[in-house]
Amino acid sequence: IASGTLPAGLNFNTTTGVISGTPTTVTAPSITVTATNATGTSSAATINFTIAKGNQTITFAPLPNKQYGDANFNLSGTSSSGLAVTYTSSAPTVATVSGNTVTVVGVGTTNITASQAGNANYNAATTVIRSLTVDPKNITVSGLTGNNKTYDATTTATVTGTPTLSGVLLADIANVALAGTATYTFANANVGTAKAITVSGLSLTGSKAANYTLTQPTGVTADI
């Protein structure tokens, strides 16, 4: 090389004249080269380089469903350039993103968008969008004990105790409550011991109730 400097990342073989490597910086330099042998040195030749921005892609795997109340989790998208990926959530009422950490907020579906804006050497990457679904948290009812009864040819059952919700998040206790009127029945009116009592009619109310599904009480038994 008679004058000038090769773009960063390229190498010049002075024996073969081959220029090899991968440029690492956007630039447009020129160099002049000469060739020398036993008979002398050639005239200088100019080589012009135009190193344009490189393209990049984002790898961002599909997201598994989450349940309301699940712990925060991290996103792990990467770019082929090695530059940091940024994320946004289309529905902050379902999930929010800070850095690469997702916080589940409520039941529903949101789109998590992975982006990389590029820099002096790379073009912006095509965004990748992944859907995140947050399912309701299942909660149950406890606190009921079946009452034994004398055979009366009916399937009506009674219980003692107060139905109490189990599984509500601590932060939601004031905003989720039982509603409805419970009914208690045996499967049939026949005499028997430890017969299952079916509980129905209970539901949820409150500003956070939509984030939960209710399983009616089970395991309540009595004798006829």
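**Notes on side-chain contacts**

1. Let's start with D152, which is partly exposed at a relative accessible area of 40% (buried means under 20%, exposed over 50%, partly exposed in between, with a 1.4 Å probe and protein chains only). Its side chain meets that of K149 in a salt bridge, 2.8 Å from N to O (a side-chain nitrogen of Lys or Arg within 4 Å of a carboxyl oxygen of Asp or Glu). The structure holds one salt bridge. K149 is buried, with a relative accessible area of 19%.

2. A word on the model: it is predicted, local features need pLDDT of at least 70, side-chain atom pairs count only at pLDDT 80 or more, and totals for chains, interfaces and linings use all residues. Residues are numbered from 1 along each chain as its sequence is written, and side-chain values use heavy atoms, leaving out hydrogens and water.

3. Now the rings: there are two aromatic pairs (Phe, Tyr or six-membered Trp rings with centres within 6.5 Å; planes under 30 degrees apart are stacked, over 60 edge-to-face, the rest tilted). F60 and Y87 have ring centres 5.5 Å apart and planes at 55 degrees, so this pair is tilted. F60 is buried at 4% relative accessibility, and Y87 is buried at 9%.

4. Y68 and Y212 make an edge-to-face pair, with 5.4 Å between centres and 80 degrees between planes. These partners are 144 residues apart. Y68 is buried, at 6%, as is Y212, at 5%.

5. Finally, have a look at N211, buried at 10% relative accessible area. Its side chain reaches the backbone nitrogen of V107 at 2.9 Å.

Definitions and conventions
Polar contact = N/O pair within 3.5 Å; in protein donor to acceptor, adjacent residues only side chain to side chain. Helix = DSSP H or I, 4+ residues; strand = E, 2+ residues; numbered from the N terminus.
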